[in-house]
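I set out to record how the strands of this chain pair and where its nonpolar residues gather. The entries below follow the order in which I looked.

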Amino acid sequence: MTIHKEGRTLLLVLLAVLVAANLLIAFLLPERAQLQNATIIATAIFYLMILQFFRNPRVLVENDEQQVLAPADGKVVVIEEVDEHEYFEGERRLQISIFMSPLNVHINRNPVSGVIKYFKYHAGQYLVAWHPKSSTDNERTTVVVELRNGLEVMVRQIAGAMARRIKWYVGEGDVIRQGEEFGFIKFGSRVDVFLPLGSDVKVSVGDKTKAGRTVLAELADSE
């Protein structure tokens with residue numbers, strides 16, 4: 001198992017702190033063997049939970065212009081038509097939202113291949129990620145990718161109540177490839193995908209997704 005670069009420093013510091021805490025308890029309370037053992041078990045479990053959060057599973061990079069892959073590990077919480085105003089000026093789009101719990105891998109991957117036509121970071125609130133207004137009021141980034149056939153797909157990273165650090169590795173004009181990393185969100189969050197109407201959705205609300213592997217939808221041919 002490899003560890004994502006966003007977690008390496010944190011994990012080293014956390015390991016040092018937990019080891020120091022266990023040594024301190026052993027030094028101050030040498031007669032409390034049960035407490036020492038309980039503390040070791042509790043801190044080990046906690047460390048393993050954080051460790052798995054930053055794991056970096058290998059993903060075979062795809063290049064299918066018809067398919068839209070999940071940008072995140074998590075659970076589908078929204079599938080609905082919405083009026084999108086930030087980039088599409090009120091145009092009706094199909095929104096698919098994925099909620100990422102603190103136990104999910106939080107690497108974000110490109111759902112499609114193409115050229116980034118629009119990118120913007122928005123400072124904002126930290127409402128719980130499933131709140132209806134989190135998509136427009138929370139700290140977030142918005143990325144619009146133009147495919148070779150002219151269709152445009154929007155992806156929005158959204159910070160949640162716990163996730164207060166969004167990382168992104170792309171900018172306007174970049175050529176991106178389906179399945180490769182474009183960002184990371186720490187500790188619970190959400191990712192929205194906005195597709196053209198007529199897209200053939202392949203998931204249902206409640207389905208679990210894997211970034212770069214699960215097919216969210218197939219795009220209709222451009223006109």
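**Strand pairing and cores**

Strands here are DSSP runs (E, at least two residues), numbered from the N terminus, and two strands pair if DSSP finds at least two bridges between them. The model is a predicted one: local features need pLDDT of at least 70, side-chain atom pairs count only at pLDDT 80 or more, and totals for chains, interfaces and linings use all residues. Residues are numbered from 1 along each chain as its sequence is written, and side-chain values use heavy atoms, without hydrogens and water.

I noted that Glu81 has Leu94 in β3 as its bridge partner. The two strands form a hairpin with six residues between them, and Glu89 in the turn has a positive phi of about 55 degrees.

I then followed β2 (residues 74–84) to strand β13 (residues 208–209), where two bridges make an antiparallel pair. Gly74 is bridged to Thr209 there.

Next I checked β5 (residues 114–122), which is joined antiparallel to β9 (residues 175–176) by two bridges. Seven bridges link β5 to β6 (residues 140–146), also antiparallel, and His122 stands opposite Arg140 in β6.

Finally, I looked up the largest nonpolar core, which has 30 residues; Ile116, Val153, Val170, Leu195, Leu216 and Leu219 touch the most other members. Such a core is a set of buried Ala, Val, Leu, Ile, Met, Phe, Trp, Tyr and Cys residues joined through side-chain atoms within 4.5 Å, where buried means under 20% relative accessible area (1.4 Å probe, protein chains only). β3 gives the most to this core, with four residues.

Terms used: Buried means under 20% relative accessible area, exposed over 50%, partly exposed in between (1.4 Å probe, protein chains only).
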